[in-house]
Amino acid sequence: MIKNFAGKVALITGAASGLGRATALLFAEHGAKVIVSDITIDGGHETVKMIQDKGGDATFIECNVANEESVNTLISKTVETYGRLDYGINNAGIGGIWTATHKYPTDNFEKVMAINTTGVFMCMRAELEVMTKQGSGAIVNVSSVAGLSGFPNNVAYAASKHAVVGMTKSAGLEYAKKGIRVNAVCPVFTITPLVTGMFDVIGDDMKDKLEASIPMKRFGKPEEIADAIVWLCSDASSFITGHALPIDGGIMAG
Ligand SMILES: NC(=O)c1ccc[n+]([C@@H]2O[C@H](COP(=O)([O-])OP(=O)(O)OC[C@H]3O[C@@H](n4cnc5c(N)ncnc54)[C@H](O)[C@@H]3O)[C@@H](O)[C@H]2O)c1
């Protein structure tokens with residue numbers, strides 16, 4: 001893997017926690033300047049401090065990805081701060097409630113779509129605007145195995161993550177000749193606050209069944225997802241675009 005991102009600028013949404021934080025730390029470790037963005041202010045500053053404590057360069061910018069003005073301000077402040085944008089990691093997302101499809105409330109469905117789908121769309125659109133002018137860039141959208149297969153009792157989450165794959169493929173094709181690559185990662189359950197919160201709801205029995213259903217018989221680690229995201233931004237993946245990469249201990253091979 002080419003690990004030298006010196007002089008490059010990476011923006012990660014949802015970087016106050018979980019996969020986003022792990023990805024921000026890894027980009028900084030590889031020499032990128034990092035914009036840590038999140039709706040959660042304390043956690044965002046914590047991620048920045050973790051990077052700075054290791055000698056890295058990072059800045060926190062608050063953003064609600066479901067709000068168009070907030071997203072556009074995030075991108076313009078990123079360029080103001082570091083002068084360019086090389087990597088856009090559209091990671092911010094929520095889980096949605098767990099209930100049967102015939103009981104699923106419209107307001108929750110719309111909330112999940114606003115953050116997980118429209119949020120990714122608006123971030124990607126603003127990132128592409130900058131990257132098109134630069135003539136270079138790489139975007140990684142964070143989907144899920146629930147973006148590739150059904151997810152019983154969470155219709156909103158599955159719909160939102162399938163849409164992310166559709167947007168990734170479309171943009172991948174559109175910008176393929178313009179020096180910009182657009183890919184997605186599709187993780188299975190990975191131990192982050194989002195998933196531990198879900199385990200609290202579904203209980204230990206179901207958690208054990210889920211773990212047993214993964215061919216590698218374990219959940220993912222945030223660092224394993226960050227590794228794939230950083231690789232998808234590196235020159236080591238220079239011929240890959242429009243791809244939705246499962247990171248799933250083998251589950252999608254079944
Ligand atoms: N952990 C998993 O098992 C898993 C699996 C597949 C996909 N994902 C996806 O990975 C991404 C990160 O999830 P995670 O597991 O690290 O969860 P997490 O809850 O640890 O982190 C999500 C972050 O997104 C932020 N966020 C939520 N709403 C936001 C908004 N409107 N604007 C800006 N930021 C917002 C939260 O504040 C939080 O810091 C999500 O898109 C999630 O759907 C996670």
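**Entry 1: helix H4**

I began at the end of helix H4, where the next residue is Gly-135, whose phi is positive, near 75°. Here, as in all my entries, helices (H or I, at least four residues) and strands (E, at least two) are DSSP runs, numbered from the N terminus. I noted that this is a predicted model, in which local features need pLDDT of at least 70 and side-chain atom pairs count only at pLDDT 80 or more, while totals for chains, interfaces and linings use all residues. Residues are numbered from 1 along each chain as its sequence is written.

I then checked the length of H4 (residues 106-134): its 29 residues should span 42 Å at 1.5 Å a residue, and its end C-alpha atoms are 40 Å apart, which agrees. The expected span of a helix is 1.5 Å times one less than its number of residues. H4 also bends by about 35° at Ala-114, where the bend at a residue is the angle between axes fitted to the seven residues ending there and the seven starting there.

**Entry 2: the whole protein**

I counted 8 helices and 7 strands in the secondary structure of the protein. A compact globule of 254 residues would have a radius of gyration near 18 Å, and the protein has 17 Å, which agrees; the radius is taken over C-alpha atoms, and the globule rule is 2.2 Å times the number of residues to the power 0.38. Along the principal axes, the C-alpha atoms fill a box of roughly 50 × 35 × 35 Å.

Buried residues make up 46% of the 254 residues; a residue is buried if 20 or more other C-beta atoms lie within 10 Å of its own, exposed if 12 or fewer, and partly exposed in between, with C-beta atoms placed from the backbone. Of the contacts with a separation of 6 or more, 73% are between residues 24 or more positions apart, a contact being two residues whose C-beta atoms, placed from the backbone, lie within 7 Å.

**Entry 3: the sheet**

In what order do the strands of the open sheet stand? I read the order as E3-E2-E1-E4-E5-E6-E7, with parallel pairing; two strands pair if DSSP finds at least two bridges between them. Strand E3 (58-62) and strand E7 (244-247) stand at the edges, each with a single partner strand, so one side of each has no neighbour in the sheet. The twist averages 20° from one strand to the next, with axes being lines fitted to C-alpha atoms, for helices over the stretch in contact, and angles running from 0 to 180 degrees between N-to-C directions.

Strand E1 (residues 9-13) pairs with strand E4 (residues 87-90) in the parallel sense over 3 bridges, and Ile-12 stands opposite Ile-89 in E4. Helix H1 (residues 18-29) packs on the sheet, where it touches E1, strand E2 (33-38), E3, E4 and strand E5 (137-142), and its direction makes about 170° with that of E1.

E5 and E6 run parallel, joined by 6 bridges, and the bridge partner of Val-142 in E6 is Val-185. I found 8 of the 8 residues of E6 buried: Ile-180, Val-182, Ala-184 and Cys-186 point one way, and Arg-181, Asn-183, Val-185 and Pro-187 the other way. E6 (residues 180-187) pairs with E7 in the parallel sense over 4 bridges, with Ala-184 opposite Ala-244 in E7. The covered face of E7 holds Ala-244 and Pro-246, and the uncovered one Leu-245 and Ile-247.

Helix H5 has 20 residues and reaches 29 Å from its first C-alpha to its last, close to the 28 Å expected at 1.5 Å a residue. What covers its buried residues includes H4, E5, E6 and E7.

Is Lys-161 buried or exposed? Lys-161, which lies in H5 (residues 155-174), has 28 C-beta neighbours inside 10 Å and so counts as buried. Leaving out residues up to four places away in sequence, Lys-161 touches Asn-116, Ser-143, Ser-144, Ala-146 and Gly-147. The C-alpha atoms of Lys-161 and Ser-143 are separated by 5.0 Å, although the two are 18 residues apart along the chain.

Asn-153, in the loop between E5 and H5, is not a glycine but has a positive phi of about 70°; with 15 C-beta neighbours inside 10 Å, Asn-153 counts as partly exposed. Lys-217 also is not a glycine and has a positive phi of about 60°. I located Lys-217 in the loop between helix H7 (204-213) and helix H8 (222-233), and with 10 C-beta neighbours inside 10 Å it counts as exposed.
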